[in-house]
Amino acid sequence: MKTIEWKNNKVKIIDQTKLPHKLSFVYLRTLDQVVAAIKTMKIRGAPAIGVAAAFGMVFGEKNLKVAARKLLASRPTAVNLKWAVERMLKAKDLLKEAKEIAAEDVVTNKKIGENGLKVVRKGMRILTVCNAGALATVAYGTALGVIRSAHEAKRRIHVYAAETRPRLQGAKLTAWELKRERIPFTLITDNMVGYLMQKREIDLVITGADRIARNGDSANKIGTYGVAVLAKEHGIPFYIAAPTSTIDLKIRSGRQVVIEERDPKEVLEIGSESIAPKGAGVLNPAFDVTPARYIKGIISEKGILRPGRGGLSSQL
Ligand code: MRU
């Protein structure tokens with residue numbers, strides 16, 4: 001099953017807003033439908049929105065400049081979207097290029113999975129944040145790709161999935177994927193991480209990333225930075241798993257990453273139930289930046305990159 005694919009001149013996606021209770025598909029037929037699906041997070045996750053943008057460019061072929069502008073404005077943080085749009089702007093055969101971007105994603109994730117085996121030992125208890133799984137990519141996933149390949153290699157791992165407020169990608173999506181694959185896991189709320197680390201219940205942290213700066217600073221789902229600081233305090237290795245298309249060599253450090261600010265409703269409500277007094281002031285940044293010094297390695301399709309060694313450019 002693929003999270004996104006081209007089918008009969010339409011883009012078929014899993015509607016992630018309906019999970020975990022319903023596995024349903026949506027067919028996108030126009031550029032505006034693709035943009036809306038990205039904005040409303042029917043499709044989300046850095047590599048998956050990159051592929052969606054590539055197909056969006058196919059629909060927007062009559063005016064690629066306008067299509068690129070609309071897609072780039074849909075979600076600002078994940079650089080994969082920009083990377084895919086720029087690739088499409090240079091392409092001769094748009095549909096062929098978009099299909100190639102989608103196919104490459106699966107191969108890349110499998111390689112990330114294989115490369116990640118180097119850091120996973122038998123019996124490890126691994127914490128992950130948000131959803132960096134098959135649902136965040138075309139298939140297989142990045143952080144969950146490493147977890148999948150460790151499970152396939154019979155490393156007898158156990159996963160802790162942080163629920164990931166406010167959108168709950170950990171509870172709704174990661175837990176759904178892990179359950180389907182019969183990978184042993186425990187769902188926790190985000191504020192349980194310190195408690196579990198203190199009790200020595202976590203051996204390794206692997207998360208995805210939305211944009212990685214030249215110096216290795218990595219933007220990922222809000223809450224990741226706090227987890228990385230806690231991991232350092234407890235001597236637990238913290239890894240990012242991401243394709244090299246997530247590395248933005250144009251930016252020197254994480255300070256240059258644009259952090260998406262989302263609708264306050266996502267914080268004020270759970271489901272459609274209000275959980276705060278009317279008029280409460282709200283902040284809702286969707287991502288934070290983990291400085292390179294907290295990151296032991298970036299597991300990519302090209303091997304494990306080390307952020308500390310004079311930046312990433314020389315390692316690519
Ligand atoms: O807001 P989302 O759900 O798109 O955020 C997703 C993440 O932060 C993922 O960890 C990241 O995109 C990597 S996905 C392989």
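Pro 20 sits in the loop between S2 and S3. The model is predicted, and local features need pLDDT of at least 70.

**Backbone geometry**

- A cis peptide bond also runs from Arg 165 to Pro 166, with omega near 5 degrees.
- Pro 166 belongs to the loop between strand S5 (158-162) and helix H7 (169-180).
- Thr 164 is found in the loop between S5 and H7. Its phi is positive, near 75 degrees, and Thr 164 is not a glycine.
- Thr 164 has a relative accessible area of 2%. That is under the 20% limit, so Thr 164 counts as buried.
- Cys 130 is another residue other than glycine with a positive phi, here near 60 degrees. Cys 130 lies between strand S4 (125-129) and H6, in the loop.
- Cys 130 is buried because its relative accessibility, 6%, is under 20%.

**Helix H6**

- Helix H6 covers residues 143-152, and eight of its 10 residues are buried, so the helix is largely enclosed by the rest of the structure.
- The buried residues of H6 are Ala 143, Leu 144, Gly 145, Val 146, Ile 147, Arg 148, Ser 149 and Ala 150.
- Lys 154 follows H6 and has a positive phi, near 55 degrees.

**Ligand site**

- Which residues come nearest to the ligand? Of the 18 residues around the ligand, they are Arg 44, Arg 75, Asp 210, Asn 220 and Lys 221.
- The side chain of Asn 220 places a polar atom 2.6 Å from a ligand oxygen.
- The side chain of Asp 210 has an N or O atom 2.8 Å from an oxygen atom of the ligand.
- Gly 45 takes part through its backbone: an N or O atom there lies 2.9 Å from a ligand oxygen.
- Taken alone, the ligand exposes 420 Å², and the protein buries 99% of that area.

**Surface and interior**

- Met 1, Leu 23, Phe 25 and Tyr 27 make up a nonpolar surface patch. Their accessible area together is about 360 Å².
- Leu 23, one of the patch residues, is in the loop between strand S2 (10-14) and strand S3 (25-28).
- Leu 23 has a relative accessible area of 35%, so it counts as partly exposed.
- Lys 96 is part of helix H5 (residues 94-116). Its relative accessibility is 52%, which means it passes the 50% limit and counts as exposed.
- How far apart are the C-alpha atoms of Lys 96 and Ile 183? They are separated by 35 Å, and the two residues are 87 residues apart along the chain.
- Ser 253 lies in the loop between strand S11 (247-248) and helix H10 (265-268).
- Is Ser 253 buried or exposed? At 4% relative accessibility, Ser 253 counts as buried.
- Leaving aside residues up to four places away in sequence, Ser 253 touches Ala 213, Asn 215 and Asp 217.

**Salt bridges**

- The count comes to 16 salt bridges.
- One of them joins Glu 86 and Lys 250, with the closest N and O atoms 3.8 Å apart. This pair links distant parts of the chain, 164 residues apart: Glu 86 in helix H4 (residues 79-90) and Lys 250 in the loop between S11 and H10.
- Glu 86 is partly exposed at 31% relative accessibility, whereas Lys 250 is exposed at 61%.
- Arg 87 and Glu 104 also form a salt bridge, 2.8 Å from N to O. Arg 87 is in helix H4 and Glu 104 in helix H5, so the pair ties together parts 17 residues apart in sequence.
- Glu 104 is partly exposed, at 33% relative accessibility.
- Arg 125 pairs with Glu 201 in a salt bridge, the closest N and O atoms being 3.8 Å apart. Arg 125 is in strand S4 and Glu 201 in the loop between helix H8 (193-198) and strand S7 (204-207), so the pair ties together parts 76 residues apart in sequence.
- Arg 125 is partly exposed at 23%, and Glu 201 is partly exposed at 25%.
- Salt bridges with shared partners join Arg 75, Arg 167, Glu 260, Arg 262 and Glu 266 into one network. Arg 75 is also among the residues that come nearest to the ligand.

Technical notes
Residues numbered from 1 in each chain as written. Predicted model: local features only at pLDDT ≥ 70, side-chain atom pairs only at ≥ 80, totals over all residues. Heavy atoms only, no water. Patch = residues over 30% accessible without salt bridge, like charges linked within 9 Å, V, L, I, M, F, W, Y side chains within 5 Å. Areas by Shrake-Rupley, 256 points an atom, 1.4 Å probe, with all protein chains shown as cover. Salt bridge = Lys/Arg side-chain N within 4 Å of Asp/Glu carboxyl O. Helix = DSSP H or I, 4+ residues; strand = E, 2+ residues; numbered from the N terminus. Buried < 20%, exposed > 50% of the residue type's maximum accessible area, 1.4 Å probe, protein only. Near = heavy atom within 4 Å. Polar contact = N/O pair within 3.5 Å; in protein donor to acceptor, adjacent residues only side chain to side chain. Contact = heavy atoms within 4.5 Å.
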